[in-house]
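Please read them with the coordinates open.

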Amino acid sequence: MSQYADVILPLPLQGAFTYALPDEFATRTQVGCRVIVPFGVRKFYTAIVVRLHNEKPPYPTKDVSELLDDAPAVLPGQLRLWKWVSEYYLCSLGEVFKAALPSGLKLESESVVLLNADWDATLPLTTGEEKVWQALQPKKKGKASGQSLANLQKATGLKGILPVVKSLLEKGAVQMKEELRRSRKPRTAKSQANTQPISGPLPQEGGESRRESPSSSGERKGEGALTEAQQQAMDGIVGQWKKHGVCLLHGVTSSGKTEIYIQLIKKAIGEGKQVLYMLPEIVLTTQLTERLRRVFGERLGVYHSRYPDRDRVELYQKMLSDAPYDIVVGVRSSIFLPFQRLGLLIIDEEHETSFKQQDPAPRYHARNAALVLAAQAGAKALLGSATPSLESYYNALSGKYGLVTLKTRYAGLSLPDIEVVDVQEMQRKKMMSGVFSPQLLAHIRKALEQHQQVILFQNRRGYAPVLECRECGWTPRCQSCDVSLTVHRGFRQLVCHYCGKTYDIPSVCPNCQGRELSSRGYGTERIEEQLGRLIPEARISRMDLDTTRSRQNYEQILHDFEEGRTDILIGTQMVTKGLDFDRVSLVGILSADTMLSQPDFRSYERAFQLMEQVAGRAGRKGSTGHVVLQTRDAGNGIVGQVVRHDYEGMYAQQAQERELFRFPPYCRIVSIYLKHRDEKVAESLSNDFAALLRQVFGERVLGPDTPPIAFVQLMHIRKLMLKLELTLPLSAVRQRLVALQEQILSMPAYRSAQMYYDVD
Ligand code: ADP
Ligand code: ZN
Ligand code: ZN
């Protein structure tokens with residue numbers, strides 16, 4: 001019987017905390033169980049037990065207040081992965097814990113609970129549950145509002161509120177409120193009554209109807225036998241796995257990679273193993289899950305960040321049970337699920353940058369973490385892409401991964417042909433209609449005449465990236481960030497794409513009182529408007545972050561396009577991948593230039609990937625597709641490589657440059673971000689820290705730099721960079737870094753500074 005438990009809290013704090021175990025829990029608590037512990041002033045958290053012992057600490061301990069599980073909720077394999085993530089990505093175990101479990105499994109005093117509107121009240125409630133249920137009833141009619149657990153505790157006078165809420169959650173009577181994860185709460189500069197919300201919580205989706213989403217029309221897909229080329233690729237992969245844990249499948253768009261995955265999954269579950277099939281969020285569509293559901297039925301679980309938390313809790317618990325799903329198809333965070341016998345891990349579209357979490361910590365790359373998971377579990381891993389990341393291709397060429405190439409499209413289709421239009425020349429000849437070249441318009445008209453569909457890609461949402469006064473050149477900027485505001489016509493607002501803050505569109509220039517404010521540049525919204533004027537008979541829809549706030553909107557847009565109710569789909573990178581529509585004969589890339597001018601060492605690679613991927617949406621059935629690529633930089637090497645579908649050429653050139661200038665995959669990069677409200681402090685902190693780092697890391701330290709956008713959400717940012725040889729052990733680097741960080745942040749002047757790391 002243990003008297004003490006070391007636990008990790010869902011907080012950015014290093015290390016574990018020791019609590020005393022009251023006798024009533026002592027015999028039942030196991031490593032991996034969740035407990036409730038008090039922390040700080042009248043706060044409580046769900047914590048995970050990581051060690052049980054009898055070593056009395058030399059300081060007074062508090063008691064564990066509740067034991068939530070009779071069996072571990074976090075398995076040893078998961079803890080192992082958490083540990084790796086926290087060490088590699090330089091964050092605390094608590095931050096990983098926070099990212100790893102759905103909210104419903106980690107209640108804390110600040111968690112907000114709501115009544116569940118469609119609960120059918122079949123199960124009786126205990127007295128305690130009844131109290132909470134009453135306390136949650138709406139004050140005003142109709143409007144159910146959430147309450148934090150801390151408030152509920154006060155309102156009900158219940159001492160142990162958590163177990164009560166936990167059982168209400170299990171009965172389905174209440175649910176956790178979740179903020180939309182990708183956007184922060186907007187603060188409207190001038191308060192406005194009638195504007196649509198730009199971001200905020202996702203609209204609640206009606207219970208079960210979500211499941212009955214559009215079923216695929218037309219012939220049933222995905223049940224054929226493999227073609228000869230596909231079979232060869234599959235055999236190749238299985239062969240590579242004899243020598244390598246990881247294999248990269250480089251298969252051109254529409255070569256049937258998904259079909260190969262399906263066969264590999266069948267094989268793995270036939271051998272009694274579990275499979276994790278990971279995809280970027282925007283590729284995990286109903287179209288795909290239904291295709292998989294037809295093959296795997298009830299053995300398939302879907303872990304999507306856009307499903308309600310309740311569904312994610314349910315899936316998590318099923319994975320812990322003795323009848324877990326055999327295959328889970330999921331997004332980034334699915335690597336944190338409790339697998340019991342993982343045998344195969346597939347990462348599709350492995351090059352996708354959305355696998356990397358930017359904010360908050362853990363800033364992990366789910367592909368890399370997944371490969372670690374596979375290695376730890378002894379599972380085989382398959383990376384798939386038509387445009388592999390430079391890192392993965394490098395690993396394949398250097399023999400670290402196996403490599404299998406599939407060059408032919410299914411059904412003998414050839415890759416789309418790509419026509420480059422020089423926008424500068426067309427402008428000189430005064431032939432552009434706004435953003436549309438005559439060539440692109442002609443092809444759109446032709447496609448529509450032939451009852452084909454069109455996808456138009458512009459890597460920018462909103463109406464226009466800049467509003468400008470014609471008189472004096474004034475442009476509105478965000479008050480909290482050093483960026484110009486994007487015009488959103490639909491919302492009648494200016495929006496900061498960095499912090500989400502919104503502003504009214506001024507009618508006169510505040511600088512010179514001029515009345516002519518014009519939009520400069522093109523976002524998807526403006527393209528939609530312009531095209532509507534140029535081709536009024538076309539049925540156009542738009543897919544970007546603004547039109548897909550809810551999962552339902554998203555599915556609806558895709559469904560309408562699939563059913564042929566729309567002719568032209570305009571969108572951001574959301575339209576570039578995964579979509580498999582039979583009647584798309586034309587793809588237009590409205591401007592390659594914004595992609596080619598990003599100040600990032602990966603921007604060329606990424607531009608190639610986006611263009612190659614979106615081109616791949618054309619001509620998936622029937623005849624060869626056509627792509628019109630508009631650019632002012634027709635001579636750019638990347639454009640030529642896209643035209644020739646020359647991945648290898650792109651790789652060779654980019655790899656050479658990366659090697660020359662020492663960028664990944666030839667070294668490891670740790671970016672260090674320093675933030676402070678006071679610009680002077682940020683500046684001197686970055687200089688002092690750089691000097692300190694140089695004493696240890698010498699030439700490997702670059703900076704400090706002022707990033708292109710150096711003022712975000714009222715914080716001034718400076719950046720330092722460490723370029724590390726691949727041979728340098730990261731754990732040693734980490735130790736030194738953490739020590740230096742503590743040293744500098746303990747100086748009184750820098751106490752309120754923030755510092756965080758971003759690895760690779
Ligand atoms: P990728 O994932 O490489 O882009 P998909 O697996 O989505 O390609 O295949 C593209 C299209 O071709 C899909 O509509 C798919 O159903 C079809 N297809 C591919 N291989 C086969 C096959 N062996 N039998 C029947 N249909 C196939
Ligand atoms: Zn002006
Ligand atoms: Zn801002």
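1. Conventions. This is a predicted model, where local features need pLDDT of at least 70, side-chain atom pairs count only at pLDDT 80 or more, and totals for chains, interfaces and linings use all residues. Residues are numbered from 1 along each chain as its sequence is written, chains are lettered from A and ligands numbered from 1 in the order in which they are written, and side-chain values use heavy atoms, with hydrogens and water left out.

2. Zinc ion (ligand 2). Its protein donors are Cys469 (SG), Cys472 (SG), Cys509 (SG) and Cys512 (SG), at 2.3 to 2.4 Å. Donors are N, O and S atoms within 2.8 Å of the metal (3.2 Å for Na, K and Ca); water is not among the atoms, so sites may look incomplete. The angles among the four donor atoms run from 102 to 114°, and the site is tetrahedral. For four donors, that label requires all angles to lie between 85 and 135 degrees. The donor spacing in sequence is C-x2-C-x36-C-x2-C.

3. What this site joins. Cys472 sits in the loop between strands E18 (466–469) and E19 (486–488), and Cys512 in the loop between strands E21 (502–504) and E22 (517–520), so the pair ties together parts that are 40 residues apart in sequence. Helices (H or I, at least four residues) and strands (E, at least two) are DSSP runs, numbered from the N terminus. Cys472 is partly exposed, at 35% relative accessible area. Cys512 is partly exposed too, at 31%. The classes are buried (under 20%), exposed (over 50%) and partly exposed in between, with a 1.4 Å probe and protein chains only.

4. Zinc ion (ligand 3). Cys478 (SG), Cys481 (SG), Cys496 (SG) and Cys499 (SG) coordinate this ion at 2.3 to 2.4 Å. The site is tetrahedral, with angles of 106 to 113° among its four donor atoms. Along the chain the donors follow C-x2-C-x14-C-x2-C. Cys478, in the loop between E18 and E19, and Cys496, in the loop between strand E20 (493–495) and E21, link distant parts of the chain, 18 residues apart. Are these two cysteines, Cys478 and Cys496, buried or exposed? Cys478 is buried at 6% relative accessibility. Cys496 is buried at 1%.

5. Helix pair. H8 (residues 257–270) and H9 (residues 286–296) pack at about 40°, with axes 11 Å apart. Axes are lines fitted to C-alpha atoms, for helices over the stretch in contact; angles run from 0 to 180 degrees between N-to-C directions. H8 contributes Thr258, Glu259, Ile262, Ile265, Lys266 and Ile269 to the contact, and H9 contributes Leu288, Arg291, Leu292, Val295 and Phe296. Contact means heavy atoms within 4.5 Å. By class, the contact has seven nonpolar, one polar and three charged residues.

6. Lys407. This residue lies in the loop between strands E15 (402–406) and E16 (417–422). Lys407 is partly exposed, at 48% relative accessibility. Its C-alpha is 5.9 Å from that of Gly251, 156 residues apart along the chain. Leaving out residues up to four places away in sequence, Lys407 touches Val252 and Glu648.

7. Leu320. Helix H10 (residues 309–320) contains Leu320. Leu320 is partly exposed, with a relative accessible area of 24%. The C-alpha atoms of Leu320 and Leu75 are separated by 8.5 Å, at 245 residues apart along the chain. Beyond four places in sequence, Leu320 touches Pro72, Ala73, Leu75, Pro338 and Gln340.

Methods:
Nonpolar A, V, L, I, M, F, W, Y, C, P; charged D, E, K, R; others polar. Tetrahedral: all angles 85-135°; square planar, octahedral: opposite > 155°, others 65-115°.
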